[in-house]
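Thanks for coming. I have one structure to show, and I will keep to side chains and their neighbours.

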Amino acid sequence: AEFLYKTTDYYAPEHERCIAWNDPTLAIAWPALRFAPLLSAKDAAGSPWGA
C-alpha cells in the first residue's frame, strides 16, 4: 500500500502522541478476540486519555 500525507513540516517524533487502545475512559467496545492483539512497541506504550 502507498500512503501520501500532506504535511506542513518535517517529521518530529518527539511531538508524536499515542492513546492506549484499551483506555478505560474511552471504553471502546472492541469485538471479542481469541488472542490478545499484537501491538507495536509504540502502541503498547500508549498513554491514557487526558494524560
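First, the ground rules. This is a predicted model, in which local features need pLDDT of at least 70 and side-chain atom pairs count only at pLDDT 80 or more, while totals for chains, interfaces and linings use all residues. Residues are numbered from 1 along each chain as its sequence is written, and side-chain values use heavy atoms, with hydrogens and water left out.

Start with charge. Side chains of opposite charge can pair when their charged atoms come close. How many salt bridges does the structure hold? There is one, where a salt bridge means a side-chain nitrogen of Lys or Arg within 4 Å of a carboxyl oxygen of Asp or Glu. Its partners are Glu-16 and Lys-42, with the closest N and O atoms 3.2 Å apart. Glu-16 sits in the segment before H1 and Lys-42 in helix H1, so the pair ties together parts that are 26 residues apart in sequence. Helices here are DSSP runs of H or I, at least four residues, numbered from the N terminus. Glu-16 counts as partly exposed because its relative accessibility is 32%, and Lys-42 counts as partly exposed at 47%. For the scale, buried is under 20% relative accessible area, exposed is over 50%, and partly exposed is in between, with a 1.4 Å probe and protein chains only.

Asp-23 is buried and has no salt bridge; the nearest side chain of opposite charge is Arg-17, 14 Å away. For charge, Lys and Arg count as positive, Asp and Glu as negative, and His and the chain ends are not counted. What lies 2.8 Å from a polar atom of the Asp-23 side chain? The backbone nitrogen of Thr-25 does. Leaving out residues up to four places away in sequence, Asp-23 touches Pro-48 and Trp-49, a contact being heavy atoms within 4.5 Å.

Trp-49 itself lies in the segment after helix H1, which spans 41–44.

Last, the rings. Rings of Phe, Tyr and Trp (its six-membered ring) pair if their centres lie within 6.5 Å; planes under 30 degrees apart are stacked, over 60 edge-to-face, and the rest tilted. That gives two aromatic pairs. Phe-3 and Tyr-5 have ring centres 6.4 Å apart and planes at 20°, so they are stacked. Both Phe-3 and Tyr-5 are exposed. Trp-21 and Trp-30 form a tilted pair, 6.3 Å centre to centre with 55° between the planes.

How values were computed:
Helices (H or I, at least four residues) and strands (E, at least two) are DSSP runs, numbered from the N terminus. A polar contact is a pair of N or O atoms within 3.5 Å; within protein, one must be able to donate a hydrogen and the other to accept it, and residues adjacent in sequence count only if both atoms are side-chain atoms.
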